[in-house]
Amino acid sequence: MKKFAAAALAALLSVCLFATALAYTPGTYTASAQGNNGPVTVTVTFDENAITDVKVGQNAETVGIRETAFEQVPMAIVTYQSLGVDVASGATNSSNAIINAVADCVAQAGGDAEALFAVEVVAEEEVVLTDCETDVLVIGAGGAGFSAAVSAAQNGAKVILVEKLAAVGGNTLRCGGAFNTYNPEGQKDIPMTAALKEAVEEVLAKENTSDAHAELKAEVQAQWDAYLASGSDKLFDSPEWHALQTLDAGDYIGDVKMVRALTADALNTLHWLTDNGVVWTDEVSTVVGALWNRSHQTPNVSGADIITALQANALAQGVELHLETKAEELIMEEGRVTGAILTNAKGEKVTVKASKGVIMATGGFSANVEMRVKYNGQWSDIGETMKTNNSEGATGDGITMGLAAGANLVGMEWIQLMPLNPVSGGGISGYVNSSLYFNKEGERFVAEDERRDVLAAGALAQTDKLFFILCDAEEAALRGRTEQVLGYMVSAGMMYTGNTIAELAQSCGVPAEALEATVAKFNEAVAADTKDEFGRTTWESAIDVGPFYASSFSPCVHHTMGGLQINEKTEVLDVNGNVIPGFYAAGEVTGGIHGTNRVGGNAVPDALCFGKIAGANAAAN
Ligand SMILES: Cc1cc2nc3c(=O)[nH]c(=O)nc-3n(C[C@H](O)[C@H](O)[C@H](O)COP(=O)(O)OP(=O)(O)OC[C@H]3O[C@@H](n4cnc5c(N)ncnc54)[C@H](O)[C@@H]3O)c2cc1C
């Protein structure tokens, strides 16, 4: 994929427009073309002379692979006004689907698609980083990095943002984009059930682990008493309850003040992101391991929606972005971090001095087998044989650089396994509300609304470390799967289906009677709406509308909870608890928030909230 810098973009666009001189009937057109897993739909907007916007819609492309294509190809088509753009590496079929669907739209708009395929994409002169000075240097162009860069630029700083890979986004790009926050407006219609009340009471009944925990619990207790007195039948929530649940889910290992800083600022960050171009749907739900109905999502249920918006924003504000530029070490002068030594896109060593600060936003270390084996204190085997769903960039570089600069590390032993790694390449829903997990014996084995470490341990204990997620036609429709997409997923072997539970069982190769009994019992629990034998409390609807679908899953390495210790201002702390001047960090490179087990949907707000804070604080130096 061709690289471009902000300054070159506008000029390049106008050159392309002259070169192509095509006329379109202005408007918005939609078309689909075959991708890897089925049709990919795009919506393309034209003015009289140009393609002004390409949006990818309905599709069943593989999460974790599709994102680079969805990010890069539409942007390249609009930038170069060409259909002869490069495909994204590793996502050829998804890329070609977008290109072919856009070609269809070009034809619908009265343009000449063939001519657009012939428009040569000339790689512009690469803007390679050289020795320089800036106000703020941000290392890592994922969610935390973009958030920090936008925020620092908005606060008046000159910003350089570097990314070691050829494409931006990191894990944030490939993530589901689920963002947990208390949000009275978004949650106002969600009912409060007896089972959820029980869940609150249980956490409030736990013993205090510290004064800070006791204080937080007292606040939640007061809110809870007031809620009960109000007689409300709608969901109870608050930033403090979100904080208490986060701490509880992480076995009270997290730093209370950091967790409170996160949950107190999450809604503000959601609004800040909206103001900066990120779109959220109205639905508030419970992503797997989220434990409460407070997960917000983007239209494509993808972090690519977040990265695309923040990248456009950053470039518009003059942030200088350099791809294939890897930070190697921090420069320390008299105890202060004053810059970094990097390898630029030509492989040359360069020095960037940053007068206001360096923000480390390099993500976690799930893709670094050696490092995860070294630090793992949680799982019996987390070596080569365990896959990861992370970006290849998640190699813990920021932790290594931070250590060398004297930073303290916290929680390094806690590594999250994602229970739901698709074995056959796809599935329907990562949402808890209406899904049922069953094993090869056709039996449930865990409460599907449990913590992720409990789900992963449960899954690892099943035959072949494998389990299925079952959902019905209603849930499939709710998650936007059309019949066409479902049909493709089944024919491609990504999903099993049956008009009855017995047929589905046969298709999955599990005992039909056992699965029928399991589903019947599940539906009884939904109707009763209380805690069931596994301890599940979150129920939405029965599984009773055929056809039924199931996909197979097994755990993989997903998130590293440990990293650089920071304070609420995102300043990095040394081993004595002192601030290392000029050094900030945000996102998965940091530790101390999620404890032993990260709540699903808490990492995106973590990266974006603390990225925003880091940018503002560094700019204010
Ligand atoms: C498949 C998947 C789905 C997920 N879904 C969700 C979800 O829905 N909700 C949720 O809350 N969490 C989710 N998570 C977790 C969440 O996405 C991440 O924790 C979060 O996005 C991390 O953001 P970050 O900015 O810290 O790191 P990243 O987004 O990973 O960005 C770090 C960037 O730094 C770059 N980098 C690394 N080293 C260097 C270096 N030396 N020099 C320059 N650049 C460097 C990397 O290449 C990368 O681009 C998911 C994770 C995965 C893998």
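Predicted model: local features only at pLDDT ≥ 70, side-chain atom pairs only at ≥ 80, totals over all residues.
A quick word before the points: the domain bounds used here come from an automatic or database domain assignment.

1. **What you are looking at.** The protein is divided into four stretches of sequence or sets of stretches: domain 1 (6–118), domain 2 (132–178 + 302–414 + 561–619), domain 3 (189–276) and domain 4 (419–556).

2. **Domains 2 and 3.** Their C-alpha centres lie 28 Å apart. The two do touch: 20 residues of domain 2 are in contact with 21 residues of domain 3. On the domain 2 side, α11 (304–316) and α19 are the elements that give two or more residues, and α19 gives the most, with 5 residues. By class, that side of domain 2 holds 9 nonpolar, 8 polar and 3 charged residues.

3. **The ligand's surroundings.** You will find 44 residues around the ligand, and the closest are Gly 140, Gly 142, Gly 170, Gly 393 and Gly 587. Two or more residues of this shell come from each of α5 (143–154), α6 (170–174), β10 (326–333), β18 (548–560) and α19 (603–619). Helix α6 gives the most, with 4 residues. Sorted by class, the shell has 23 polar, 15 nonpolar and 6 charged residues.

4. **Two elements to keep an eye on.**

5. **Strand β14.** Is this strand enclosed or open to the outside? Of the 8 residues of β14 (residues 415–422), 7 are buried, so the strand is largely enclosed by the rest of the structure. To see the pairing for yourself, look at Asn 421, which stands opposite Ser 554 in β18.

6. **The overall fold.** The protein has 19 helices and 22 strands. Its C-alpha trace spans about 65 × 60 × 50 Å along the principal axes. Why call the radius of gyration in line with a compact globule? For 621 residues, such a globule would have a radius of gyration near 25 Å, and the protein has 24 Å, which agrees.

7. **Burial and contacts.** Of the 621 residues, 55% count as buried. Among contacts between residues at least 6 apart in sequence, 76% join residues at least 24 apart.

Definitions and conventions. Residues numbered from 1 in each chain as written. Near = placed C-beta within 6 Å. Nonpolar A, V, L, I, M, F, W, Y, C, P; charged D, E, K, R; others polar. Contact = placed C-beta atoms within 7 Å. Buried ≥ 20, exposed ≤ 12 C-beta atoms within 10 Å, placed from the backbone. Pairing = 2+ DSSP bridges. Rg over C-alpha atoms; globule rule 2.2 N^0.38 Å.
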